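Me: I'd like to learn how to read a protein structure, step by step. Could you walk me through one with me?

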Amino acid sequence: MWNGLARRGEMEEAAVRAMEHARRAGDVREEAMSARLLGGALLYGPAAVAEAIPRCEEIVRRAADSPMLEVAVLPILAQLYGMQGRFPEGRALFDRSRSLQDELGLRYFSARMANQAGDFELLAGNAVAAEREQRRGCEIFREMGETGRFSTVASTLADALYTLGRYDEALSWTRESEEATSPDDLVSQVDWRRVRGKVLARRGEIARAEELVREALRIAETSIDDVHLQDKALRDNAEVLRLLGRPAEGVPYAQRALELQERKGNVAGAARASALLEKLAGGA
């Protein structure tokens with residue numbers, strides 16, 4: 001998980017070098033791991049979606065005889081397609097990756113992809129599918145005793161449940177995430193706080209709700225070079241202020257989220273931020 005030390009640009013450069021060394025050495029597993037790091041840097045960092053897609057597509061083309069490499073990159077490419085609103089194409093890539101994982105017996109990677117697919121479905125506006133994917137990931141990681149990844153999937157499952165209006169369940173899963181999260185797992189530290197903040201705002205626990213979402217944003221903006229995590233924290237600060245009857249105060253947060261996603265070229269993410277801005281402007 002993220003330790004707050006590396007930046008996405010640095011990871012991208014290192015991953016490219018590592019992929020080349022692994023390819024020359026014929027080390028397929030190492031090449032796949034490096035490809036996943038490169039894809040993650042392109043997906044979550046500031047690189048434009050329009051730039052990231054062809055780079056990932058080129059890796060997939062080269063991976064015709066390397067299922068491990070396909071497994072590593074297909075879910076990332078699927079998420080990038082989702083950012084352009086190409087949801088059917090993205091789902092087809094998830095299906096292809098899932099088939100390869102089943103053939104190769106890659107249960108750990110299947111659980112990791114469940115979280116990626118869940119995020120994809122939330123972006124597509126399908127919280128039911130997101131819950132299904134993330135719950136499957138939680139179950140696999142729990143069976144494996146893998147707490148680090150479990151904490152991340154648990155927090156995103158909580159977000160899907162919140163979206164579905166199942167607030168008590170969402171709160172429970174933020175506790176599951178918090179209990180499993182290590183101090184240096186900054187992604188989970190952001191996610192359980194921002195989701196719990198929204199639930200507490202609905203319960204009228206004003207001070208604690210604001211404290212949690214502000215802390216989530218502080219961690220996201222100062223410790224992690226992750227555009228999408230920052231976007232989530234910004235939108236959830238706006239959502240909490242809306243729930244507390246102060247929508248005008250939430251507008252700057254939603255505007256910053258929109259600007260982030262426009263710079264990224266995340267069309268679907270920008271549309272989501274725009275919808276929130278409209279809601280805030282209407283005083284809803």
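Me: How are helices H4 and H6 oriented to each other?

Reply: Keep in mind that this is a predicted model. The axes of H4 (residues 67–83) and H6 cross at roughly 5°, so H4 and H6 are roughly parallel to each other. Their axes come within 9 Å.

Me: Which residues in H4 and H6 meet?

Reply: From H4, the list includes Val71, Pro75, Ile76 and Met83. On the H6 side, Phe109, Met113, Phe120 and Leu123 are among them. Sorted by class, the contact of H4 with H6 has nine nonpolar, three polar and one charged residues.

Me: Phenylalanine 109 is in that contact. Is phenylalanine 109 buried or exposed?

Reply: The cut-off to remember is that buried means under 20% relative accessible area. Phenylalanine 109 has 17% relative accessibility, so it counts as buried. Tyrosine 108, at 25%, counts as partly exposed.

Me: How do I read a pair of rings?

Reply: A pair of aromatic rings is described by the distance of the centres and the angle of the planes. Planes over 60 degrees apart count as edge-to-face. The count for this model comes to six aromatic pairs. In one of them, the ring centres of tyrosine 108 and phenylalanine 109 are 5.7 Å apart and the planes are at 85°, so this pair is edge-to-face.

Me: What about the rings of tyrosine 108 and phenylalanine 141?

Reply: Here the centres lie 5.6 Å apart with the planes at 70°, so tyrosine 108 and phenylalanine 141 are also an edge-to-face pair. This pair links distant parts of the chain, since tyrosine 108 is in helix H6 (residues 107–123) and phenylalanine 141 is in helix H7 (residues 127–144), 33 residues apart. Phenylalanine 141 is buried, with a relative accessible area of 1%.

Me: Which residues do ring pairs link into a cluster?

Reply: Look for Phe87, Phe94 and Phe120, which ring pairs link into a cluster. You have already met Phe120 in the contact of H6 with H4.

Me: Where does the charged end of arginine 86 sit?

Reply: Find tyrosine 81 and look at its ring: the charged end of arginine 86 sits over that ring, 3.9 Å from its centre.

Me: One last residue, please. What does threonine 174 touch?

Reply: Start with its place in the chain: threonine 174 is found in helix H9 (residues 167–180). Not counting residues up to four places away in sequence, threonine 174 touches Ala158, Trp192, Val195 and Arg196. Its relative accessible area is 0%, so threonine 174 is buried.

Definitions and conventions: Residues numbered from 1 in each chain as written. Predicted model: local features only at pLDDT ≥ 70, side-chain atom pairs only at ≥ 80, totals over all residues. Heavy atoms only, no water. Phe/Tyr/Trp six-rings, centres within 6.5 Å; stacked < 30°, edge-to-face > 60°. Buried < 20%, exposed > 50% of the residue type's maximum accessible area, 1.4 Å probe, protein only. Helix = DSSP H or I, 4+ residues; strand = E, 2+ residues; numbered from the N terminus. Lys NZ or Arg CZ within 6 Å of the ring centre and 35° of its normal. Contact = heavy atoms within 4.5 Å. Axes fitted to C-alpha atoms, helices over the stretch in contact; angles between N-to-C directions. Parallel < 35°, antiparallel > 145°, perpendicular 65-115°, else oblique. Nonpolar A, V, L, I, M, F, W, Y, C, P; charged D, E, K, R; others polar.
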